[in-house]
Amino acid sequence: GLRVELSLSPSEPWFDPKLITEHAELAPLLRRMLGSSFSLVRVGGIMSFPGAEDQEIHRDGQPLFESTEMEGGQILPTHAVHVWIPVTPNYTKQAGATSFYLGTHKTFGSRFEDLGIDQGSAVSPIIPLGSCLIFDDRIFHFGGANETDAVRTCVFFSFARSWFTDGTAEADRNITAWTEIE
């Protein structure tokens with residue numbers, strides 16, 4: 001089974017980022033999470049083909065500092081989020097929908113195994129057509145095994161506070177490329 005990601009530059013000539021950044025329902029949520037100054041930094045799609053296996057548990061980004069807490073115990077605010085929109089009607093756990101480990105955006109470290117969290121505690125939301133899923137860049141998650149006969153596909157938009165540059169991202173944001181992902 002195969003899982004592929006198509007990464008596009010948000011500056012592609014055919015794409016108008018204002019369709020997303022100024023969307024009547026999405027824009028207020030993004031401003032609430034990222035503040036008034038944010039940017040669309042990545043556009044793409046993910047296809048999970050029949051037989052694709054579970055991905056490794058991972059974060060899309062890393063915490064900015066060695067601790068996720070500020071003085072007084074407050075959690076650092078979100079610096080980047082991803083918006084996923086299904087384009088096929090089968091965005092279910094059986095089709096390999098992404099599973100999330102709630103609260104892990106408040107933890108530090110790049111290795112899930114070091115957190116002592118039960119791997120079976122992941123939550124797998126079903127995203128109906130016409131809906132979207134928004135999640136923090138720092139949350140641990142994995143794409144599940146696609147046990148159906150259909151391709152599961154979603155498009156995604158990644159947003160970040162205007163000052164943030166992701167030096168650890170795997171995809172080159174200036175080219176269009178298909179990448180097989182594990």
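**Figure 1. Nonpolar surface patch of the predicted model.** Leu64, Phe65 and Trp163 together make a nonpolar surface patch of about 350 Å². The model is a predicted one. Leu64 belongs to the loop between β2 (38-48) and β3 (80-86). With a relative accessible area of 34%, Leu64 is partly exposed, because a residue is called buried under 20% and exposed over 50%, and partly exposed in between.

**Figure 2. Overall architecture.** Two helices and eight strands make up the secondary structure of the protein. Along the sequence, these elements follow the pattern β-α-α-β-β-β-β-β-β-β. The protein has 182 residues, of which 43% count as buried. Of the contacts between residues at least 6 apart in sequence, 88% join residues at least 24 apart.

Figure 3. The largest nonpolar core consists of 14 residues, and Leu30, Phe157 and Phe159 have the most contacts inside it. Two or more residues are given to this core by each of β1 (3-8), α2 (26-34), β2, β3 and β7 (152-161). In soluble globular proteins, nonpolar side chains tend to be buried together.

**Figure 4. Surroundings of Phe157.** Leaving aside residues up to four places away in sequence, Phe157 touches Phe15, Ile20, Leu40, Arg42, Val43, Val81, His82, Val83 and Ile85. One of these contact partners, Arg42, also takes part in a salt bridge with Glu5.

**Figure 5. The two salt bridges.** The structure holds two salt bridges. In one of them, Glu5 pairs with Arg42, and the closest N and O atoms are 1.9 Å apart. Glu5 is part of strand β1 and Arg42 is part of strand β2, so the pair ties together parts that are 37 residues apart in sequence. Both partners are buried: the relative accessible area is 12% for Glu5 and 13% for Arg42. The other salt bridge joins the side chains of Asp136 and Arg138, with an N to O distance of 2.8 Å. Asp136 and Arg138 are buried as well.

Figure 6. Gln55 lies in the loop between β2 and β3. This residue counts as buried, because its relative accessible area is 14% and the cut-off for burial is under 20%. A polar atom of the Gln55 side chain lies 2.7 Å from the backbone nitrogen of Gly143. Gln55 and Thr98 are 43 residues apart along the chain, and their C-alpha atoms are separated by 9.2 Å.

**Figure 7. Gly143 in strand β6.** Gly143 is found in strand β6, which covers residues 141-143. It is buried, with a relative accessible area of 2%. Not counting residues up to four places away in sequence, Gly143 touches Arg3, Glu53, Asp54, Gln55, Gly96, Ala97 and Thr98. Between Gly143 and Ala52, the C-alpha to C-alpha distance is 9.2 Å, while 91 residues separate the two in sequence.

**Figure 8. Ser124 and its contacts.** Ser124 is located in the loop between β4 (98-100) and β5 (133-136). Its relative accessibility of 19% makes it count as buried. The side chains of Ser124 and Ser99 make a polar contact at 2.4 Å. Beyond residues up to four places away in sequence, Ser124 touches Lys93, Thr98 and Ser99.

**Figure 9. Thr21 in helix α1.** Helix α1 spans residues 18-21 and contains Thr21. Thr21 is buried, with a relative accessible area of 19%. Apart from neighbours within four places in sequence, Thr21 is in contact with Ala27, Phe38, Leu40 and Phe159. Of these partners, Phe159 is also among the residues with the most contacts inside the largest nonpolar core, and Leu40 is also touched by Phe157.

Terms used. Residues numbered from 1 in each chain as written. Predicted model: local features only at pLDDT ≥ 70, side-chain atom pairs only at ≥ 80, totals over all residues. Heavy atoms only, no water. Patch = residues over 30% accessible without salt bridge, like charges linked within 9 Å, V, L, I, M, F, W, Y side chains within 5 Å. Areas by Shrake-Rupley, 256 points an atom, 1.4 Å probe, with all protein chains shown as cover. Salt bridge = Lys/Arg side-chain N within 4 Å of Asp/Glu carboxyl O. Helix = DSSP H or I, 4+ residues; strand = E, 2+ residues; numbered from the N terminus. Buried < 20%, exposed > 50% of the residue type's maximum accessible area, 1.4 Å probe, protein only. Core = buried A, V, L, I, M, F, W, Y, C linked by side-chain atoms within 4.5 Å. Contact = heavy atoms within 4.5 Å. Polar contact = N/O pair within 3.5 Å; in protein donor to acceptor, adjacent residues only side chain to side chain.
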